[in-house]
Amino acid sequence: MRALVVYESMFGNTRITAEAIAVGLSTEGVDVEASEVSATSAQLDDLAPNGSAAVAAFDSHVDKKVPGSASRSATRRLRRRGYRAIVPPVSFYVSGMQGPLATGEIDRARVWGAKLGAALRSQRTASATG
């Protein structure tokens with residue numbers, strides 16, 4: 001099972017979050033790579049859903065109530081393109097505009113990554129027996 005965690009990070013907080021998510025995925029036996037969107041070998045527009053391509057979106061933003069969410073918007077766009085979201089989008093919080101990540105967010109990202117890995121494994125098992 002393979003996963004690609006793609007991120008864009010202005011101040012480094014989303015990169016740290018993506019790397020923590022990748023660690024969580026790997027604890028569930030997922031072969032995972034975290035890559036900045038501009039360095040990703042396959043551009044996302046070129047990745048066509050094939051019925052088994054699952055996605056999950058995350059974002060990071062200031063730890064105050066702000067309208068909208070990049071992860072919700074990304075999930076909607078991915079669904080319109082034919083991808084299947086395996087979990088609801090999630091936000092990770094940053095203290096102030098430039099960070100650092102709020103206390104506990106790195107651990108929360110690792111746990112979320114592990115949940116993603118478990119969901120992927122469960123889906124794989126279900127499709128193999130289904």
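Trainee: Which residue in E2 is the bridge partner of Val6?
Mentor: Ser35 is the partner of Val6. Six bridges join strand E1 (residues 2–7) to strand E2 (residues 31–36), and the two run parallel. Strands count as paired if DSSP finds at least two bridges between them.

Trainee: Before I go on, what kind of model is this?
Mentor: A predicted one: local features need pLDDT of at least 70, side-chain atom pairs count only at pLDDT 80 or more, and totals for chains, interfaces and linings use all residues. Residues are numbered from 1 along each chain as its sequence is written, and side-chain values use heavy atoms, leaving out hydrogens and water.

Trainee: OK, what unit do E1, H1 and E2 make?
Mentor: With helix H1 (residues 13–27), E1 and E2 make a right-handed β-α-β unit. Right-handed means that, with the strands pointing away from you, the path from the first strand over the helix to the second runs clockwise.

Trainee: And how many helices and strands are there in the protein?
Mentor: Three helices and six strands, in the order β-α-β-β-β-α-β-β-α from the N terminus. These are DSSP runs: helices (H or I) have at least four residues, strands (E) at least two.

Trainee: New topic: what share of the residues is buried?
Mentor: Buried residues make up 33% of the 130, where buried means under 20% relative accessible area with a 1.4 Å probe, protein chains only.

Trainee: And of contacts between residues at least 6 apart in sequence, what share joins residues at least 24 apart?
Mentor: That's 72%, with a contact meaning heavy atoms within 4.5 Å.

Definitions and conventions
Buried means under 20% relative accessible area, exposed over 50%, partly exposed in between (1.4 Å probe, protein chains only).
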